Amino acid sequence: QVQVVESGGGLVQPGGSLRLSCAASGRIVRVNSVGWYYQAPGKQRDMVAMTSGGSANYADSVKGRFTISRDDAKNTVYLQMNSLKPEDTAVYYCYTEALTYGAVGYETYWGQGIQVTVSS
């Protein structure tokens, strides 16, 4: 029904920047909340940033360094990551909360995840 694809990950040095993109496609009527989670090896998946209804929330560890934005015309959400630290290394997952044609309510769809490695 809905495909969610992340891009833009990779290897970056400490202090560097990356911009993640996440595009949702399919029989989408409307998108509500969108956001990013990350999961480091051996740890649980935690929220990085999310946006809904014009407001955004961030994990304390990324406030002031990461910025989430969205382009609703393209069903795309971005995560600009600046001043990256080795502890930001993780697999980043995007989600989209979408209403699709024929559905009775919003459902959450996840991407496959993308690796971000911060290392010198």
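Student: OK, what does the disulfide count come to here?
Tutor: The count comes to 1 disulfide. Keep in mind that this is a predicted model.

Student: Which residues does the disulfide join?
Tutor: Cys22 and Cys94, with an S to S distance of 1.9 Å. The pair links distant parts of the chain, 72 residues apart: Cys22 lies in strand S3 (residues 18-26) and Cys94 in strand S9.

Student: Is the link of Cys22 and Cys94 left-handed or right-handed?
Tutor: Left-handed, with -85° about the S-S bond.

Student: And are Cys22 and Cys94 buried or exposed?
Tutor: Cys22 is buried, and Cys94 is buried too.

Student: Back to S9, then. How does S9 pair with S10?
Tutor: Strand S9 (residues 90-100) runs antiparallel to strand S10 (residues 107-110), and they pair over 4 bridges.

Student: Which residue in S10 is the bridge partner of Thr96?
Tutor: Tyr109.

Student: What about the turn, how many residues are between the strands S9 and S10?
Tutor: This hairpin has 6 residues between the strands, and Gly102 takes a positive phi near 90°.

Student: New topic. How many bridges join S7 to S8?
Tutor: 6 bridges join strand S7 (residues 66-71) to strand S8 (residues 76-81), and the two run antiparallel. In S8, Gln80 stands opposite Thr67.

Student: Which residue in the turn of the S7 and S8 hairpin has a positive phi?
Tutor: Asn75, at about 50°. This hairpin has 4 residues between S7 and S8.

Key:
Residues numbered from 1 in each chain as written. Predicted model: local features only at pLDDT ≥ 70, side-chain atom pairs only at ≥ 80, totals over all residues. Heavy atoms only, no water. Pairing = 2+ DSSP bridges. Disulfide = S-S within 2.5 Å. Buried < 20%, exposed > 50% of the residue type's maximum accessible area, 1.4 Å probe, protein only.
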